[in-house]
Amino acid sequence: MDRQRIAVIGAGAIGGVIAARLDAVGHDVTVTARGENLAAIRERGLRIAGGFGAHTARVTALEALREAPDAAILAVKTTGSVAALEANRAALAGVPLLVMQNGLGGERAAARLLGHKSVAGGIALMAANSLQPGTVTVTAPGDTIVGGAEGERFAALLGEALPTSRTPSIEGAQWTKLLINMVNAIPAIVGHSVQDVIRDPGLRRVMLASMRETARTGLAAGVRFQPLQGLTPLLVRVVAYAPRRIAQQIPLRIKDRLGDVPNMGSTQQSIRRRQPTEVDAINGAVVAEAARIGIEAPVNAALVELVHEVERTGEFLAPSVVRQLA
Ligand SMILES: NC(=O)C1=CN([C@@H]2O[C@H](COP(=O)(O)OP(=O)(O)OC[C@H]3O[C@@H](n4cnc5c(N)ncnc54)[C@H](OP(=O)(O)O)[C@@H]3O)[C@@H](O)[C@H]2O)C=CC1
Ligand SMILES: CC(C)(CO)C(=O)C(=O)O
């Protein structure tokens with residue numbers, strides 16, 4: 001593919017990896033960042049290490065885009081989407097955009113806000129920690145999944161830089177990722193790695209309960225879950241309805257896929273940076289969809305409350321507080 005001018009809005013964990021890999025394969029990359037992260041990228045470059053190899057990308061780093069790129073990628077947390085899109089609205093007019101976010105429908109919200117339809121949805125299956133400015137460690141590599149409008153364009157672009165595939169239904173893929181993201185809340189509440197939380201039988205029981213609510217809600221709402229990382233539609237039914245001793249194999253598999261390098265999950269990383277988390281867009285999305293179709297999701301509702309409590313106080317809670325939820 002010809003050298004393209006690519007803008008990555010939000011050079012944190014996922015945006016940082018994507019920007020550095022696009023730089024590594026020869027694209028002209030501009031990132032937007034702020035504060036210490038912006039200063040570190042300007043001074044030392046954007047550094048990635050771990051699962052996709054080491055690279056220091058000497059990218060252009062700005063607070064906001066000054067001109068229209070050929071294509072753009074939004075990789076801020078869902079809580080920052082509106083501000084980040086507003087800040088770059090003029091440069092993004094008519095520019096194809098890929099929204100790389102967990103949660104449901106980020107690409108639809110961005111398309112509404114920008115007032116154009118060239119917006120694709122992307123799902124990162126890698127796990128990455130970004131706790132030092134300008135530096136990202138990929139703790140577990142994984143595919144990037146792209147779908148929706150402009151899916152073909154972004155699959156071709158990212159496919160040069162990272163393992164990438166297309167999904168025929170970004171909504172169905174986002175629901176499967178939502179199920180996987182039930183691993184996020186409990187580590188953010190207790191301050192342990194995702195792997196350690198899943199190893200703990202009592203915490204795993206609560207995580208599985210939140211996964212069951214997600215699977216049952218999605219199935220009841222008519223979602224066609226797409227296969228992701230071996231999590232097939234059949235296994236989604238196993239999560240929803242099989243006896244607990246069988247269904248718990250799903251969180252255990254996710255732990256194995258995350259590998260041995262401790263991963264905090266993106267929600268806990270927000271907590272550790274004293275920033276708002278995406279819990280309302282993850283566990284809260286299950287609660288909202290369950291309410292919409294007239295069922296309940298009490299474990300997810302409780303997890304939302306506990307993550308907000310940790311956000312407010314900055315203090316992790318004892319695992320026993322979570323174990324009693326299921
Ligand atoms: N980390 C992971 O392993 C995974 C994350 N995801 C998903 O990917 C998405 C991105 O998450 P992640 O990369 O972890 O998040 P990060 O918080 O690490 O990165 C987001 C970056 O965007 C920056 N940012 C926010 N608002 C603006 C703005 N207005 N202008 C410029 N920069 C801005 C943030 O800066 P600041 O720090 O100053 O706020 C931060 O550096 C989320 O939806 C997440 O759920 C999906 C799979 C795995
Ligand atoms: C990698 C994974 C599944 C959990 O760590 C994730 O999506 C996240 O951190 O948001």
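Predicted model: local features only at pLDDT ≥ 70, side-chain atom pairs only at ≥ 80, totals over all residues.
**Overall build**

The protein contains 16 helices and twelve strands. Its radius of gyration is 19 Å, close to the 20 Å that the globule rule gives for 326 residues, so the protein is as compact as a globular protein of that length. Taken along the principal axes, the box filled by the C-alpha atoms is roughly 55 × 40 × 30 Å. Of the 326 residues, 55% are buried. Where contacts join residues at least 6 apart in sequence, 69% of them link residues at least 24 apart.

The chain is divided into domain 1 (5-166) and domain 2 (173-323). Between the C-alpha centres of domain 1 and domain 2 there is a distance of 24 Å. Domain 1 brings 19 residues to the contact, and domain 2 brings 22 residues. On the side of domain 1 that touches domain 2, at least two residues each come from strand E8 (119-124), E9, strand E10 (135-140) and strand E11 (144-148). E9 gives the most to this side, with four residues. By class, the side of domain 1 that touches domain 2 has eight nonpolar residues, ten polar residues and one charged residue.

**The nonpolar core**

The largest nonpolar core comprises 111 residues, and Val8, Val17, Ala19 and Leu74 have the most contacts inside it. Domain 1 (5-166) and domain 2 (173-323) both give residues to this core, so the core lies between them. Leaving aside neighbours within four places in sequence, Leu74 is in contact with Ile9, Gly10, Ser81, Ala84, Leu85, Leu97, Val99, Met100 and Ala110.

**The surroundings of the ligands**

Ligand 1 is surrounded by 29 residues, the closest being Gly10, Gly12, Ala13, Gln101 and Asn102. Two or more residues of this shell are given by each of helix H1 (13-24), helix H2 (35-44), helix H3 (81-87) and strand E9 (127-132). Both domain 1 (5-166) and domain 2 (173-323) give residues to the shell around ligand 1, so ligand 1 lies between them.

Around ligand 2 are Asn102, Ala127, Ile180, Asn181, Val183, Asn184, Val194, Asn263, Gly265 and Ser266. The table sets out the make-up of the two shells.

| Shell | Nonpolar | Polar | Charged |
|---|---|---|---|
| Ligand 2 | four residues | six residues | no residues |

Not counting residues up to four places away in sequence, Asn263 touches Ala127, Asn129, Thr139, Ala140, Ser193, Val194, Gln195 and Leu258. Thr277 is 14 residues from Asn263 along the chain, and their C-alpha atoms are separated by 16 Å.

Ala161 is located in the loop between helix H5 (151-159) and strand E12 (164-166). With 21 other C-beta atoms within 10 Å, Ala161 is buried. Residues up to four places away in sequence aside, Ala161 touches Arg21, Leu22, Ala24 and Val25. The C-alpha atoms of Ala161 and Ala173 are 21 Å from each other, with the two residues twelve residues apart along the chain.

**Two residues with positive phi**

Most residues other than glycine have a negative phi. Glu150, although not a glycine, has a positive phi of about 65°. Glu150 lies in the loop between E11 and H5, and Glu150 is buried, with 20 other C-beta atoms within 10 Å.

Gln229, likewise a residue other than glycine, has a positive phi near 50°. Its place is the loop between helix H9 (201-220) and helix H10 (233-241). Gln229 has 15 C-beta neighbours inside 10 Å and so counts as partly exposed.

Key. Residues numbered from 1 in each chain as written. Chains lettered and ligands numbered in written order. Rg over C-alpha atoms; globule rule 2.2 N^0.38 Å. Buried ≥ 20, exposed ≤ 12 C-beta atoms within 10 Å, placed from the backbone. Contact = placed C-beta atoms within 7 Å. Near = placed C-beta within 6 Å. Nonpolar A, V, L, I, M, F, W, Y, C, P; charged D, E, K, R; others polar. Domains from an automatic or database assignment. Core = buried A, V, L, I, M, F, W, Y, C linked by C-beta atoms within 7 Å.
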